[in-house]
Amino acid sequence: RQGCGGERSRAGAQELHPGGMSQTEPSSNQQDSEALQQERMKAVPRRSSIIKDHTVQKAGSGRKKTVSFSSMSSEKKVSSVADCLAFMQGGCELKKVRPNSRIYCRFYTLDPDSTCLCWEPSKKNSERARLQISKIHEVRTGKTTDTFRHHGPAEQLPEEAAFSIIHGDGYQSLDLVALSPDVANIWVTGLCYLVTQPEHAHGGGPEDSLGSKIRYDWLAAEFGKSDEDGNGIVSEDTAVATICRLCPGTKEAKVRLKFKEMQRSKEKLTSHVTLEEFQEAYCELCTRPEVYFLLVQLSQDRECLHAQDLQLFLETEQGVAHTTAEGCLAIVKQFEPSALGREQGILSLDGLARYLQSPECHLFDPEHQHVCQNMSLPLPHYYISASYHYLSEDHLHRGDSLEGLMKALQVGCRCLELSVRDGPENEPVLWLGHGSGLQNSDKTPTPPTTACSALEFVNKYAFLTSPYPLLILLSHQCSSAQQQVLAEHLQRVFGTRLYIPAVPSAIGKVGFAAVLPSPEELKGRVLLVGKKLPEEEEGSEGEVSEEEEDILGGAPPDDRQMSFPEEEEMGVALRNLSLQRPRHFHLRKELSDLVALRHSGIAYFCNHRAKQKRSTTPSSVLVSPNATTPQNTTYWTLCSLGKVQANRMASEIPKDLVAFTQTALIRVPPSLPHEDSSNLSLQEFWMLGCQLVALNRQSPGAMLDLDRARFTQNGGCGFVLCPTILREDVSNFTANSQGFVPGMPAQTLRVKVISAQNLPKPQGSDTKNNVINPYVVLEMHGVPADYAEQHTHTAGQDSPLFDETFEFQVNMPELAILRFVVLDDSCTSDDFIGQYSVVFECIQPGYRTVPLLGREGDVLPCTSLFIHVTITNRRGGGKAHAKSLSVLRGSHQDREYVTLRNVGIKLLDDSFCAAKESLTEAIELRVNVQ
């Protein structure tokens, strides 16, 4: 506010109310308004208003968090063209950009007759310092003229607040920048209305537009439903309840405060509400300015959308192909609240707001709400949702492992870990980890959970959320007798669901399936993962090695050193890895035969790599005559790696690790020191091809948000295809590469954060008042070259306008995830308000609503962000494909790649019709290459 013209900006700002009325200047008295306006201008002290550009400095890539001081008061709401014209007649300061690299601060006003635009101060006389509305040809938003594009100072000005007025016989441009985007929208809306509706440029009535009539008639009808006596008044409680019903998310306290203000201003003795007061309160509290400005832009200043306007919006902005007039009318009938609008096929301001809040306009592509990927590829080609511990935050006081298992299965987890130990009365029990001595709230011992009850519980919920296979990692330290009991429980509980290879003893032999079956083939089946006896074992039990991860309950110890006999042959890459000699224990054959996937550790990976190095051909590993045991093949193995081990391999032998994941499963659980239930960084393991990154589901945070986003990509079934580059033999790929990723088309994502709606007070906040200061953080997660973080300025209300645009370069779209986080900028800390994460390939372009979620992934009612999204390739050559190539589509022959629509200009229509065949061939060629 201390910038140029700050005093003038405050003097010119007015309290706007629906209908364009001002608290200081009644619009009915035009002479008094004009005199008061001239007196205000004279009272403002003159000053030098030239900003010279000595050194042009471009803004850096990082953004500092700033506090927004908008030129408009937070109480003001623009709900009609009349409000815009009233603001313009009151005047405000705008920056005028000249081609001579100078910026002038001027106070601009619209004269009382709405016939010309005036500015002050100026060297010109008062007659020359004005622009007739009749001479304006066009009003453009953004930096679209030569003055903005080719002159230095303009680069530092925000594009959202810039607009240009094209006028005169020579089509000169008047290039202006407002103090904030909302002020720019007011000027653009008002000027466009005056240009397109010249009959109202002499004090006419924009309040009588069709859109305003539809809205006020609808509000009158809703008011009449509450006015049972027909007296034209209702109680305050009834009026408040009606407004909250018509506009979900509106806070009751805010509506009551508005009615109290009306009572004081009118010196009313009763709290009854009239129709006019009801309409005024609704329009001021429930109008979203950003939606109104969008409506005016789309409807050519008619304040309502006809079916053809809606169809054009869906095709050009929302990217919806093959829209029809009938489909647009169906949208009107579904979302338009007024009977008059539905009858005439017109979408009003409130109807458009409801449509933009509907799931159809959410950022997440609804095509991904169901299984949309090819599920017939081998199991190692998929990321698999995995869970680790199942205890809640108060696990030290009560053992609720079964409830944790149920929640894990309900969110789509397809890999569970069950650790079983010897129990009393020859009955195995579930070992909870850190769980010895668990107590209830009354400090009585918690009875152990039997393995049988846990298995029955898993069987009950196994396939309610997803029909695809469930992997159970069975880690046990049971006696021979209780192993036999455990095997009996497994066969009895799961029955035919339990997947057992047709010829278990032939695993790895020629003629047996070379790779693991696909998720489609394993639908409804349970696969056990655990230790397995050698093929040549013929007795009732045999001895197997117990690697360290089995002793510790499935978590490899990252802080222990490991060494192998082959380490010299493997080179220096893994020279520091060491391992103590593994223990051995006896395994019952009945339990071994039920295991479909052999569980191993890093030793198996190193042995497999060493054999590959010694092999003369890559195929020798697959058909080696010595491959007579499961230890000699990778295809039926799940290998557990610790965080340090996986990171070291990623930095030293990344290609070997990626090649291993193409045929075998790798699981990365939290390390043993993670007793605080924290989670690992998912992206760094996903980009290595690791299919199972186990998470503590009871620990909310960024990693759990990213995991939910990743597996929502394929209908939440628990399986998501790995990126194509990780499934194929691409020798020049490395996850740590910077910039261009070979074989992957880079894309540019632009996100304009427009506004937020109904943000709640942060949970647990110690602030006593209801005022919050929110800002939005945008995080791009992916390969190192793609990671970025940016944020908006800090606003000062629960439904703020941001109007800030951010750009992200995405080199590997199949791994990228965009995360929104809304925080409260308090004096002590930045408190969490809400978040939403979405996979890049699930993002829909256009104007979209982002429904915010809480810490636990629960939906915050009526709380959202409103954004605009565009996706282009790096060269800027139009909209890029936002869909994954792994998503199932129709055949290429059945798809129409190019659709044309006549624009009414014969030259353009003929040119594009002639080019349709060439465009179709080019796009088909690109799709075939991809």
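A crossing is left-handed if the near helix is turned anticlockwise from the far one by less than a right angle, and right-handed if clockwise. The model here is predicted: local features need pLDDT of at least 70, side-chain atom pairs count only at pLDDT 80 or more, and totals for chains, interfaces and linings use all residues. Residues are numbered from 1 along each chain as its sequence is written, and side-chain values use heavy atoms, leaving out hydrogens and water.

**Exercise 1.** Work out how α10 passes α14, and which residues make the contact.

*Solution.* Start with the helices, which are DSSP runs of H or I, at least four residues, numbered from the N terminus. α10 covers residues 289-299 and α14 residues 349-357; they pack at about 110°, axes 10 Å apart. Axes are lines fitted to C-alpha atoms over the stretch in contact, with angles from 0 to 180 degrees between N-to-C directions. Since 65 to 115 degrees counts as roughly perpendicular, α10 and α14 are therefore roughly perpendicular. The crossing is right-handed. Contact (heavy atoms within 4.5 Å) comes from V291, Y292, L294 and L295 of α10 and L349, L352, A353 and L356 of α14.

**Exercise 2.** Decide whether D707 is buried or exposed, then list what D707 touches.

*Solution.* First, find D707 in helix α25, residues 702-712. Next, apply the cut-offs: buried is under 20% relative accessible area, exposed over 50%, partly exposed in between, using a 1.4 Å probe and protein chains only. D707 sits at 2%, so D707 counts as buried. Finally, skipping residues up to four places away in sequence, D707 touches S385, L682, W686, L695 and R697.

Technical notes:
Helices (H or I, at least four residues) and strands (E, at least two) are DSSP runs, numbered from the N terminus. Angles under 35 degrees count as roughly parallel, over 145 as roughly antiparallel, 65 to 115 as roughly perpendicular and the rest as oblique.
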